[in-house]
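Subject: Structure handover and salt bridges

Hello,

Here is the structure I said I would pass on. Please look it over before reading the notes below it.

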Amino acid sequence: DALAAAEARLAEAARAHAELASRSDGRGKRIAELEAAAGQAAQKLAEQTSAAAARAAEVAAETEKQRLRARELEHKRALARDDLRRAEGQIALLKDLLLREAGL
């Protein structure tokens, strides 16, 4: 009977081992799935980061372009303002000369 009891314990141990191996395989598959999902998420994040960096560079370039355009327009406005002052001064001089000639 000791032999039968030992064989029963051995059979039980074999079943327990098979069950643990089955669980281990399932967990291994799940770990592999999670690792694959993590890899895909990391790849997507890298792509999004790259796209965001490219867009940030575009925005920075456009901002600089607008800043240069604003400076250019301010310079042109200053030149136009100077031209207007000169023209107003010339009109005042002409008016003064015409009034002197007319004796007024």
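Predicted model: local features only at pLDDT ≥ 70, side-chain atom pairs only at ≥ 80, totals over all residues.

Residues are numbered from 1 along each chain as its sequence is written, and side-chain values use heavy atoms, with hydrogens and water left out.

Searching the whole structure gives eleven salt bridges (a side-chain nitrogen of Lys or Arg within 4 Å of a carboxyl oxygen of Asp or Glu). Side chains of opposite charge can pair when their charged atoms come close. Three of these pairs are described here.

Glu33 and Arg30 form a salt bridge at 3.4 Å, N to O. They sit three residues apart in helix 1 (residues 2-101), about one helical turn; helices are DSSP runs of H or I with at least four residues, numbered from the N terminus. Glu33 is partly exposed at 48% relative accessible area, and Arg30 is partly exposed at 45% (partly exposed lies between buried, under 20%, and exposed, over 50%, with a 1.4 Å probe and protein chains only).

Glu64 and Arg67 are bridged at 2.8 Å, N to O. Both are in helix 1, three residues apart. Glu64 is partly exposed at 32%, as is Arg67 at 42%.

Lys76 pairs with Glu72, with the closest N and O atoms 3.3 Å apart. In helix 1 these two are four residues apart, about one helical turn. Through shared partners, salt bridges join Arg69, Glu72 and Lys76 into one network.

Regards
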